[in-house]
Amino acid sequence: MCRYGSLFVYLLVCTVVFNYISAKVAEEVKIEIIYRPENCPVKSKRGDALNAHYDGYLEDGSQIYCSRTNNDGHPKWFILGVGQVIKGLDIGMDGMCEGEKRKLTIPPSLAFGAIARDKIPPNSTLIFETELYAVRRGPRSVESFQLIDLDGDKKLSRDELNVYLQEEFKRDNRIQDSLHKDRVLTDILLKNDQDGDGYISAREYNIFQHDEL
């Protein structure tokens, strides 16, 4: 009797482990590399700013999103790995080269799950065709902090942030709307200046816990 009981427990444990492993496998993003350039000096990583096009489809081929029809057809900028896009895109676009194209099959758990969104039914697997144009140091990288910190005092002043934003707006070919830039600057300080001293310290800036800061 004890032997059969032990066998039952063993089989039960195996079943639980198997189901857990199956669930983990099912939750993975399937990455198909369509094109990768031979010369790849920089690969995307968490915290980088990416400039990319990505078109989304349901499994039946219905298109749910097309970045080329938004923003006058310009590729979209977003920060990788911080939740600006769905989890599956954050995972699937990690380690990409500039010029690389990928096809990503994203399970519901890494997309919108049981929540319906516009053209997306609940529990939908999504397919994205992505093309990466540029990888830039993200706004939270060590290099960016050092670039903004003009006087090297390990904290960012309103004037230093203003200079940085002016350059970023020029680089992104945005209309030089001073009121919009001021609103962005005020919002940055409001969300990041936790102690209200008028500066963003290395600690307040370092949301990714870089050891170098």
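Which strands each supply at least two residues of the lining of the second largest pocket? They are strand 3 (63-66), strand 4 (76-79) and strand 6 (126-136); strands (E, at least two residues) and helices (H or I, at least four) are DSSP runs, numbered from the N terminus. This is a predicted model, in which local features need pLDDT of at least 70, side-chain atom pairs count only at pLDDT 80 or more, and totals for chains, interfaces and linings use all residues. Residues are numbered from 1 along each chain as its sequence is written, and side-chain values use heavy atoms, with hydrogens and water left out.

Strand 4 gives the largest share of that lining, three residues. In total 17 residues line the pocket, and Tyr54, Tyr65, Ile86, Phe112 and Phe128 lie nearest its centre. A pocket here is an open set of points on a 1 Å grid over the protein atoms alone where a 1.4 Å probe fits, with protein on both sides within 12 Å along at least five of seven lines; lining residues have an atom within 4 Å of a point.

The structure also holds one disulfide, a pair of cysteine sulfur atoms within 2.5 Å. It joins Cys40 to Cys97, with S to S at 2.0 Å. Cys40 sits in the loop between strand 1 (30-35) and strand 2 (49-58), and Cys97 in the loop between helix 2 (87-92) and strand 5 (101-106), 57 residues apart. The S-S torsion is about -100 degrees, so the disulfide is left-handed. Cys97 is buried at 0% relative accessibility, whereas Cys40 is partly exposed at 23%; buried means under 20% relative accessible area, exposed over 50%, and partly exposed in between, with a 1.4 Å probe and protein chains only.
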